[in-house]
Amino acid sequence: MSHRASPPRALRARAVLSSALSALFLAACGTPVSDAGPNEVPPPLEQGTLLHELKLSATRTVRFIESAPGEVVIAESGHMDIDAARLEEVSKTDTFEGRELADIYLSLVPGAKRADVPAALVQAQGRIAMARLVQARQAPRESVLATQAPPEGASPLDSERGPSAASLNDTWDWVGDKAWFRSNFCSVTATQSVSCITDYWYGSYSGAKDNTVYFRAVGLAAGFDSTAYFYSKYKSCSIWPWEGCEWPVSYSVTLQPRHYMTLTWNTGPRSRWAGIDQSNDRVYLSTIWSTASSTPPPAQEPCNVYARAHATTCYNIDGSISSISNTLCADACAGSYSTASQWATQALGTQTCLGAYAGCCQYYVDQNFNRCGG
């Protein structure tokens with residue numbers, strides 16, 4: 001292209017967060033749970049808790065956002081033409097897959113040392129580790145529930161809805177634009193899979209990808225005059241107090257013309273998908289994922305005994321008593337009380353670090369399900 005630079009969720013069969021707690025956390029973060037099917041465009045939403053933000057240039061920003069305990073997304077935004085060189089550099093190696101938040105931060109801040117990593121990212125990594133344990137135990141049961149659930153409407157699997165977009169700017173090299181996007185965002189390694197969609201509008205969907213441990217979605221508002229709505233969801237199934245599955249929104253954003261957003265998760269096994277919608281101009285969408293299909297599922301254990309972990313005194317970073325004291329809890333069900341207690345503690349640990357430390361909560365475990373917290 002010669003005319004420009006190349007652009008570019010309370011008990012489950014295994015340890016789980018209590019439904020009351022999950023609702024409390026999500027309300028606090030402003031992240032509503034949507035029961036819409038995966039291929040329905042959700043309303044805009046406030047994102048989660050901003051852990052840290054890096055302003056890397058006048059147009060390029062990377063944000064670390066926790067939308068639920070242990071559910072951290074790395075969201076990079078920028079201009080697909082101005083930041084083309086950086087995008088092409090990043091796309092050559094999938095630098096975020098399998099890496100901890102601290103390592104990702106260090107890769108983005110040249111010269112930074114381990115001691116420079118923000119405390120919020122270090123603490124969030126602990127919640128991610130706990131969440132992975134919880135998700136791994138839930139995955140086998142969730143897979144069964146998903147197959148038993150009634151149809152969720154039109155399947156979004158690798159679908160492209162709407163006619164091919166017309167050229168609103170006939171002087172632009174759209175062929176080169178699409179070739180650049182496919183080259184930089186649709187190439188995968190031997191362990192990855194990809195869905196790549198270009199030139200469609202009235203809704204483009206990447207498809208539901210099951211048991212992803214790594215998931216990256218890239219959305220571009222390719223037109224020069226129109227915004228695009230870009231979002232991602234994940235499947236959440238439950239067996240108590242009701243049984244079924246839903247698709248909460250994990251992230252959504254309105255992209256300005258010629259702007260992009262990259263969303264990256266490194267999580268326990270989750271079913272995810274992404275979508276982008278624009279009624280009158282071009283949108284590009286890419287998803288790359290790795291699954292846990294090669295990892296044997298955890299050994300099943302009967303759900304005979306229940307336990308609840310209660311947070312008592314919680315501390316702020318400055319050591320003062322936190323307002324969330326005595327408000328958090330998490331439940332688990334296992335074959336023995338000791339195992340259920342361990343899993344309940346791990347589930348509580350996805351919401352806060354545990355212990356008499358700054359930023360953490362003290363706790364105890366019992367079988368009192370009439371209260372939540374100390």
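The structure is a predicted model, in which local features need pLDDT of at least 70 and side-chain atom pairs count only at pLDDT 80 or more, while totals for chains, interfaces and linings use all residues. Residues are numbered from 1 along each chain as its sequence is written, and side-chain values use heavy atoms, with hydrogens and water left out. The protein chain exposes about 15600 Å², of which carbon and sulfur atoms supply 54%; these accessible areas come from the Shrake-Rupley method with a 1.4 Å probe, and for residues only the protein chains shown count as cover. The protein chain contains 6 helices and 17 strands, taken as DSSP runs (H or I of at least four residues for helices, E of at least two for strands) and numbered from the N terminus.

In helix 3, the residues L101, A102, I104, Y105 and L108 are buried. These residues lie on the same side of helix 3 because they cover an arc of only 160 degrees around the axis, the arc being that of the directions from the helix axis to the C-beta atoms.

Side chains of opposite charge can pair when their charged atoms come close. With a salt bridge defined as a side-chain nitrogen of Lys or Arg within 4 Å of a carboxyl oxygen of Asp or Glu, the count comes to 8 salt bridges. One of them joins E76 to R60, with the closest N and O atoms 2.7 Å apart. This pair links distant parts of the chain, since E76 belongs to strand 4 and R60 to the loop between strand 2 (49-55) and strand 3 (61-68), 16 residues apart; both E76 and R60 are buried.

A salt bridge is also formed by the side chains of E71 and R272 (2.7 Å, N to O). Here strand 4, which holds E71, is linked with strand 12, which holds R272, the two residues being 201 residues apart. E71 is buried, with a relative accessible area of 1%, and R272 is likewise buried, with a relative accessible area of 0%. Together with R270, the residues E71 and R272 are linked in a network of salt bridges.

A further salt bridge brings together the side chains of D81 and R258 (2.8 Å, N to O). D81 lies in the loop between strand 4 and helix 2 (84-92), and R258 in the loop between strand 11 (249-255) and strand 12, so that the pair links distant parts of the chain, 177 residues apart. R258 counts as buried at 3% relative accessibility, and R258 has a positive phi of about 60 degrees although it is not a glycine. A positive phi, near 55 degrees, is found in N211 as well, a residue other than glycine; N211 is located in strand 7 (residues 209-221) and is partly exposed, with a relative accessible area of 27%.

The second largest cavity has a volume of about 70 Å³. On a 1 Å grid over the protein atoms alone, a cavity is a set of points where a 1.4 Å probe fits but cannot get out, and lining residues have an atom within 4 Å of a point; grid points are joined across faces, edges and corners, and a volume is the space filled by probe spheres set on the points. Among the residues that line the second largest cavity are V72, I74, L101, I104, R132 and W265. Strand 4 (71-79), helix 3 (101-108), helix 4 (119-148) and strand 12 (259-277) each supply at least two residues of this lining.

Key:
On a 1 Å grid over the protein atoms alone, a cavity is a set of points where a 1.4 Å probe fits but cannot get out, and a pocket is an open set with protein on both sides within 12 Å along at least five of seven lines; lining residues have an atom within 4 Å of a point. Buried means under 20% relative accessible area, exposed over 50%, partly exposed in between (1.4 Å probe, protein chains only).
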